[in-house]
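Here is a short briefing for a first look at this structure. Please keep the sequence and the 3D view at hand while reading.

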Amino acid sequence: RVKGKYWYNKTSIKDENNNMRLTAPYFLSFLFCISISAHAVDLSVCVACHNPNMDANPILDGQHSKYIEKQLYDLKKDKRVHAQMQAIAKTLDDKQIKEISEAFGKKKWEEFAHNSNPALKDQGKLLVRKGNCTRCHGSELEGTYNIPRLAGQKSKYLKLTLLQYKNKERNNFPPMSSTLNRYSEEEIGIMADYISGLTYQE
């Protein structure tokens with residue numbers, strides 16, 4: 001056990017605070033890759049956790065690079081709490097953070113098929129309107145520059161993240177906590193399900 005944050009076994013490293021997992025070989029190879037040089041970073045190591053099979057972890061392929069960059073800096077500076085990702089971000093220098101962010105940003109958005117509950121679509125749309133989400137995230141929730149794309153993001157990740165903002169467990173963008181304070185947990189789940197089913201073509 002290291003500082004009460006992780007526990008180790010032969011196969012995995014698990015963060016006590018959330019559902020994100022990395023197998024030990026992937027975690028160690030990530031550290032090995034980034035220690036050589038920024039050009040040696042292999043994004044396939046990142047997708048060991050950021051892939052279609054890990055529904056609690058966000059899609060990074062095609063996400064706005066400046067948003068990814070900000071999140072890595074926030075994790076590195078402890079402005080965003082996620083023990084496992086904080087540990088990784090602290091090993092990165094400015095150049096590596098920039099190059100990793102740009103590499104993901106240049107990729108095509110990873111299409112994640114999600115069929116929203118048809119009986120709740122209208123309610124989900126109204127909840128998005130209630131929060132005026134399009135004001136910052138774009139008319140189709142496509143995001144821009146350092147504002148993340150939400151359309152088509154994984155529903156489980158969206159729900160977890162929105163609840164973290166509501167409960168002030170994630171504090172690196174306070175306006176989100178103020179906005180989500182008006183929503184119940186059930187409403188957040190409906191909204192996440194609706195947003196995840198949206199598509200956007202650039």
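Which residues does Leu180 touch, not counting those up to four places away in sequence? In this predicted model, Leu180 touches Leu162, Tyr165, Lys166, Ile188 and Met191. The points below start with the whole chain and then turn to its parts.

**Overall layout**
- The chain holds 10 helices and three strands.
- From the N terminus on, the order of elements is β-β-β-α-α-α-α-α-α-α-α-α-α.
- The chain has 202 residues, and buried residues make up 46% of them.
- Take the contacts between residues at least 6 apart in sequence: 65% of these join residues at least 24 apart.

**Nonpolar cores**
- In soluble globular proteins, nonpolar side chains tend to be buried together.
- The largest nonpolar core here has 20 residues.
- Val128, Leu141, Leu180, Met191 and Ile195 touch the most other members of this core.
- Four helices each supply at least two of its residues: H6 (121-130), H8 (155-166), H9 (174-180) and H10 (185-196).
- H10 gives the largest share, six residues.

**Helix H6, side by side**
- An α-helix has 3.6 residues a turn, so residues three or four places apart point the same way.
- Gly124, Leu127 and Val128 are the buried residues of H6.
- Seen down the helix axis, the buried residues of H6 fall within an arc of 100°, so they line one face of the helix.
- Asp122, Leu126 and Arg129 are exposed on the other side of H6.
- H10 is included in what covers the buried residues of H6.
- Just after H6 comes Asn132, with a positive phi of about 55°.

**A buried lysine in a loop**
- Lys154 sits in the loop between helix H7 (134-137) and H8.
- Is Lys154 buried or exposed? Lys154 counts as buried because its relative accessibility is 1%, under the 20% cut-off.
- Leaving aside neighbours within four places in sequence, Lys154 is in contact with Asn51, Pro52, Met54, Asp55, Asn57, Ile59, Phe112 and Ser196.
- One of these contacts, Asp55, is 99 residues away along the chain. The C-alpha atoms of Lys154 and Asp55 are separated by 6.3 Å.

**Charges over rings**
- Lys130 lies over the face of Tyr183, at 4.7 Å from the ring centre.
- Arg149 places its charged end over the ring of Trp109, 4.1 Å from the centre of that ring.
- As for aromatic pairs, the count is zero.

**Cysteines**
- A disulfide is a covalent bond between the sulfur atoms of two cysteines.
- How many disulfides are counted here? The count is zero.
- The cut-off for a disulfide is 2.5 Å.
- For Cys136, the closest cysteine sulfur is the one in Cys133, so the 9.0 Å distance is too far for a bond here too.
- Cys133 counts as buried, at 15% relative accessibility.
- Cys136 is partly exposed, with a relative accessible area of 44%.

Definitions and conventions. Residues numbered from 1 in each chain as written. Predicted model: local features only at pLDDT ≥ 70, side-chain atom pairs only at ≥ 80, totals over all residues. Heavy atoms only, no water. Core = buried A, V, L, I, M, F, W, Y, C linked by side-chain atoms within 4.5 Å. Buried < 20%, exposed > 50% of the residue type's maximum accessible area, 1.4 Å probe, protein only. Contact = heavy atoms within 4.5 Å. Phe/Tyr/Trp six-rings, centres within 6.5 Å; stacked < 30°, edge-to-face > 60°. Lys NZ or Arg CZ within 6 Å of the ring centre and 35° of its normal. Arc of directions from axis to C-beta.
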